[in-house]
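Trainee: I have a new model open on my screen. Can we walk through how to read it, one feature at a time?

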Amino acid sequence: MTEVKMTVNGKAASGNVEGRTLLVQFLREDMGLTGTHVGCDTSQCGACVVHVNGEAVKSCTMLAVEAQGAEVSTIEGQAAPDGTLNTIQQAFQDHHGLQCGFCTPGMVMSAAALLKDNPKPTESDVRHYLDGNICRCTGYHNIVKAIMAASGQDVSAIAGE
Amino acid sequence: MPKDSGIGASSKRREDIRFLTGEGNYTDDINVNGQAYVYFLRSDIAHGTLDSVDTSAAEGMEGVVRIFTGADFEAVGSVPCGWQITDKHGEPMQEPRHPVLAHGKVRHVGEPIAAVVAETLEQARDAAEAIEVEISELPAVVNMKDAVKADAPKVHDDLTSNLCYDWGFVEENKGAVDQAFKEAAHVTTLELVNNRLVANPMEPRVAVGDYSRGTGDYTLFTTSQNPHVIRLLMGAFVLGIPEHKLRVVAPDVGGGFGTKIFHYQEEAFVTFAAKACNRAVKWTSSRSEAFMSDAHGRDHVTKIELALDAEHNFTALRTDTYANMGAYLSTFAPSVPTWLHGTLMAGNYKTPLIYVNVKAVFTNTVPVDAYRGAGRPEATYQLERLVDKAAHELGVDPIKLRRQNFIMEFPYATPVAVEYDTGDYVATMDKLEEMADIGGFAARRKASEAKGKLRGFGVNCYIEACGIAPSNLVGQLGARAGLFESCTVRVNATGGLVVMTGSHSHGQGHETSFSQVVADMIGIPEDMVEVVHGDTANTPMGMGTYGSRSLAVGGSAMVRATEKIIAKAKKIASHLLEASEGDVELKDGAFTVAGTDKSVAWGDVTLAAYVPHNYPLEEIEPGLEETAFYDPSNFTYPSGAYACEVELDPETGQVTIERFSAADDFGNIVNPMIVTGQVHGGLAQGIGQALLENCAYDSDGQLLSASYMDYAMPRATDVPFYDVDHSCQTPCTHNPLGVKGCGEAGAIGSPPAVVNAVLDAMRSGGSTVDHIDMPVSPHRVWEAMNGSGV
């Protein structure tokens, strides 16, 4: 067992993990942060995306020990302390960008990473960036629309309800 | 002006807040104190005799609590099948035993052979590697037509063959149908495959079993679309646990699409093992396990023929389908290719004579059962591909041929046993033609051709039977369950309501839309209504969510219960108002006496129900809580017309979806935003089936597509923005909301439009190919256009 220490959503976090313990296991099982999900075992679906030192990472593909000393942020750290949704979260609700909610944490975390690098993405930019995030419910329409809306772009021309 | 609350409003979803902040409560988020973990050792061989399972080396490994094999389950019941089909000779289908853990034989890759319960999942997995399994491999049957040959290896030695049933529908019509074909001016024939799919909800299945020695109570937390059904099937048929000692909880469930309807062995295992080990046992499926243990969908091989007269009227339809059951009968498997498929073969057309033959076949593959649409996509795909082919053979416009044969008068009794209550197929086609901008297609094709691409346009119609269903009817058809729905509405003293529904939400947003209905009926804000679902301990016995039935059946039960609440509240109000009950009206959350200014607020009436100081106790009981069970008199029949426009790269065979338009008739609509989202999701799954997805086996029964590396899930780049319209509304005539259901339409209605569009594009490039099987991969398109020998 190895002791790992990191900062998760701004708070110090530590635990003893096996060498094979994945970051997502550490977050879910040791930290109780069950908002980060596991939807596959081949690093394809993106339900487990978190930010490590500001970069989007699939936490099923990173060992907990690799995050030693890192700044990790998860879906639980995205809303304001008073619970107010952040811009991306609010856009997902406003534009019905989620249904079952299982892929949603990864989608929101990926969207945040995209908008940090590319503040005004085109539809094509958004779709290509989400190549590593699978959603089975929404058909992506409202996810793409929500992310474009969150970037401050006018989405009224995109088909609605 | 769009409404801002109640029925018809696009109320934002209340469940989103918890899902967007990581506070959802999915089954894998549930941990019971002291729980152990189970890992299933699964067969990597499709068919073989299980000679020995030696667990001795694994037993003593670190952390191992107990190892179970098939022998531990000899006294336990078979995993049951909920639907019995009677074949065309009047005989019952062949129904094999389905053990919790394999015993004697293994029959598909992924079948569980042993289960290791250990302190940690890693220890369980490590110990499973030390189990020595001896299997004498037998030849596997994978191809359905091979499986029914006389000399084929048998999947089940105790059955007479691999034929589960040979179903003829309507058998009495067969002679007349055959005669109509002899007299036809034109016959169009098509052979096609409806590709095997895996539902792939993003949340893999999870089951946590718990048992209390102190009370003798069992609890199962499971990823289910219908917790009461699991409680009944598992309790009564597998483990012999009475329902009052078994609680089944399906909390937030991360998508279902049908594959979480069924009762699976893993649920029975963790419940059984919780008592045997005297501690909670948790199983979390990996995605790889999901591919080889979740029930698959579709997998039909069909020959279909259409007879037309000289004026191009459809005179008869005949189909011959092989439907794969897999190695065992999953919960509703036998009903899918029969009653959910044969009864839809009339489609939107007034074909007077129809005969459907279905041979259901056992193979050494994962069991196949309902997947979004369940039988109806298979029917729609055949029929709408066939009509398109007929139009091209006859040189007539595919839309014109469809319009000419539309059913125009309702109610309409089809020759395949169902009666459509309402519909307006002309209206949805008119709407579609407008949405799809058919007039602009020629210019768009020209623009594509200028880039060296081909462009194609395809349409189809669809009809579905939803709101499954009248219990007395499905009982006659072989269902071993009732298909009513239930609801209890509890009004609290201060006026808020709790709606406890037997429906289950796993992405559909019932907590929002169901609240809209009740709030609208009473005239109070939506946030005064709470919706509770997914727990047998606090909801009435209900049948759950599938077949686009929640609002049509569960919503109707909720309306009936709310009507009872309002009726009783009116009695209380009339007492408080000292008025005749007949003069009291409920409007905008207050009871008023007609023609006066006398009024009492909803909250004062509900308070009186629980503080009955001034109350007609001699006439009515205190309290305000009512339950209703609703059993519909018919299915509902949503319908629509879809159009797809594709661009095809003749150099690579790559197809891209450029436009997709969907004009649906769902009857009345409660939340347009949610309905549109349901259609979007269905369209992506239908486009996925048409272009990308395929569950592939090799001839030895090895599953070739068992991960997202090999099974092509639709990604954001594979689909366009969709244009969805549901302004054509012919309300259902037999449920109180006039709703029809919208959950499956997209998946039912889209595959034929895509394939019809691809063939149109190929034709524009000079191809004479008249059919291509799904998924229409670049490889298949390129071969079809260039020949496989090139």
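Mentor: Start with strand pairing. Two strands count as paired if DSSP finds at least two bridges between them. Keep in mind that this is a predicted model.

Trainee: Apply that to chain B. How many bridges join S8(B) to strand S15 of chain B, and do they run parallel or antiparallel?

Mentor: In general, strands of a sheet pair through backbone hydrogen bonds, either parallel or antiparallel. Here S8(B) and S15(B), residues 300-308, run antiparallel and are joined by nine bridges. For a landmark, find Val193(B), which stands opposite Val301(B) in S15(B).

Trainee: What is the strand order of the open sheet in chain B?

Mentor: The order is S7-S17-S16-S15-S8. That makes an open sheet of five strands with mixed pairing. Strand S7 (163-169) and strand S8 (186-194) of chain B each have a single partner strand, so they stand at the edges with one side lacking a neighbour in the sheet. From one strand to the next, the twist averages 10°.

Trainee: Which strands does helix H5 of chain B touch as it packs on the sheet?

Mentor: H5(B), residues 174-182, touches S7, S8, S15, strand S16 (314-326) and strand S17 (354-362) of chain B. The direction of H5(B) makes about 120° with that of S16(B). Helix H9 of chain B, residues 376-394, packs on the sheet too. H9(B) touches S8, S15 and S16 of chain B, and its direction makes about 140° with that of S8(B).

Trainee: What is phi of Asn200(B)?

Mentor: Phi is near 55°, a positive value in a residue other than glycine. Look for Asn200(B) in the loop between strand S9 (197-198) and strand S10 (206-211) of chain B. Val4(A) stands opposite Gly15(A) in S2(A).

Trainee: Next, helix packing. How do I describe a pair, and at what angle do H14 and H15 of chain B cross?

Mentor: Two packed helices are described by the angle between their axes and the distance between the axes. The axes of H14(B), residues 510-522, and H15(B), residues 550-577, come within 10 Å and cross at roughly 35°. The crossing is right-handed. Residues of H14(B) in the contact include Phe514(B), Val517(B) and Met521(B), while those of H15(B) include Leu551(B), Met558(B) and Ile566(B). By class, the contact has nine nonpolar, five polar and no charged residues.

Trainee: How is chain B divided into domains?

Mentor: The assignment gives domain 1 (16-22 + 484-630), domain 2 (31-138 + 202-255 + 260-293) and domain 3 (296-468 + 634-786). The centres of domain 2 and domain 3 of chain B are 36 Å apart, taken over C-alpha atoms. Across that pair, 24 residues of domain 2 are in contact with 24 residues of domain 3. Helix H8 of chain B, residues 287-293, gives the most to the domain 2 side, with five residues.

Trainee: And which domains does the assignment give for chain A?

Mentor: Domain 1 (2-76) and domain 2 (87-150). Their centres are 21 Å apart, taken over C-alpha atoms. In chain A, 15 residues of domain 1 are in contact with eleven residues of domain 2.

Trainee: Last, the chain interface. How many residues of chain A are in contact with chain B?

Mentor: The size of an interface is often given as the accessible area lost when the parts come together. Here we count residues: 46 of chain A are in contact with 46 of chain B. H2(A) supplies the largest share of the chain A side, four residues. By class, that side has 22 nonpolar, 17 polar and seven charged residues.

Trainee: What confidence scores does the model carry?

Mentor: The model scores ipTM 0.98 and pTM 0.97. Mean pLDDT of chain B is 97, and 99% of its residues reach 70 or more.

Definitions and conventions: Residues numbered from 1 in each chain as written. Chains lettered and ligands numbered in written order. Predicted model: local features only at pLDDT ≥ 70, side-chain atom pairs only at ≥ 80, totals over all residues. Axes fitted to C-alpha atoms, helices over the stretch in contact; angles between N-to-C directions. Helix = DSSP H or I, 4+ residues; strand = E, 2+ residues; numbered from the N terminus. Left-handed = near helix turned anticlockwise from the far one by under 90°. Contact = placed C-beta atoms within 7 Å. Nonpolar A, V, L, I, M, F, W, Y, C, P; charged D, E, K, R; others polar. Domains from an automatic or database assignment. pLDDT = per-residue confidence, 0-100.
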